[in-house]
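Work through the exercises below with the coordinates open. Each task is followed by a solution in steps.

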Amino acid sequence: MKKSIYLIGGRAVGKSSIGKELAQHLGYDFLDSDRMITERHGSSVAEIVQREGWNAFREYEKQVLLDLVGKESCVVATGGGAILHRELWPQIRKHAIVVWLQADLETLAKRIMGDGNSTAQRPSLTGKDVCQEMEEVLRERNPLYKETADCIIDSGAMMVYDAVREIDQFCRQFEKKNKEE
Ligand code: S3P
């Protein structure tokens, strides 16, 4: 069994779309933490936040991530805020390679505004407009992504399959290096 691969990064950076292709390419299971939350609670992210608040959503997100710790040979697309559960990542990293997908602010904002899923999946975090919110949120989170990632991919400038290939190549080298140590 091989280490799982966790995709982290900002909203709409491509964690789910790249994750699905990567899982198929590797013959791994694909798991999406947001989808697991919405299926487990029978509500969209927006409905959960509206009904119970962000703290409840984060608790559900933490529980899903805890349930996934230790699973091998999976690709896990995490929500943009999963990085905030700081206490979980040392455990996750024992069994997984963590890949930070990056894209510039303008690309992310455009994708959020252009994605029909955003209303249900990405309720406002701050009440501010998308660009300002994204800038503020990433300023807080980028250092957390950086300290948690084994690999950084500028997926905003790549086709999905190019990102898949680059991640696959990194993971092969990463596993080979770890075996030699
Ligand atoms: C969030 C990102 C969303 C979803 C929720 C919270 C965040 O997932 O988990 O709206 O805090 O950045 P995506 O990163 O897939 O959009």
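Helices (H or I, at least four residues) and strands (E, at least two) are DSSP runs, numbered from the N terminus. The model is predicted, so local features need pLDDT of at least 70 and side-chain atom pairs count only at pLDDT 80 or more, while totals for chains, interfaces and linings use all residues. Residues are numbered from 1 along each chain as its sequence is written, and side-chain values use heavy atoms, with hydrogens and water left out.

**Exercise 1.** Describe how helix 3 and helix 4 pack.

Step 1. Axes are lines fitted to C-alpha atoms, for helices over the stretch in contact, and angles run from 0 to 180 degrees between N-to-C directions.
Step 2. For helix 3 (residues 45–52) and helix 4 (residues 54–68) the angle is about 130°, and the axes are 7 Å apart.
Step 3. Angles under 35 degrees count as roughly parallel, over 145 as roughly antiparallel, 65 to 115 as roughly perpendicular and the rest as oblique; helix 3 and helix 4 are therefore oblique to each other.
Step 4. Contact (heavy atoms within 4.5 Å) involves Val45, Ile48, Val49 and Glu52 of helix 3, and Trp54, Ala56, Phe57 and Tyr60 of helix 4.

**Exercise 2.** Give the strand order of the sheet and find its edges.

Step 1. Two strands pair if DSSP finds at least two bridges between them.
Step 2. The order is 2-3-1-4-5 in an open sheet of five strands, with parallel pairing.
Step 3. Strand 2 (29–32) and strand 5 (151–153) each have a single partner strand, so one side of each has no neighbour in the sheet.
Step 4. Strand 1 (residues 4–9) and strand 3 (residues 74–77) are joined by three bridges, and isoleucine 5 stands opposite valine 75 in strand 3.

**Exercise 3.** Which residues of helix 6 are buried, and where do they lie?

Step 1. In helix 6 (residues 105–114), the buried residues are Leu108, Ala109 and Ile112.
Step 2. They fall within an arc of 95° (directions from the helix axis to the C-beta atoms), so they line one face of the helix.
Step 3. Glu106, Lys110 and Gly114 are exposed on the other side of helix 6.
Step 4. The buried residues of helix 6 pack against helix 7 (118–121) and helix 8 (130–148).

How values were computed
Buried < 20%, exposed > 50% of the residue type's maximum accessible area, 1.4 Å probe, protein only.
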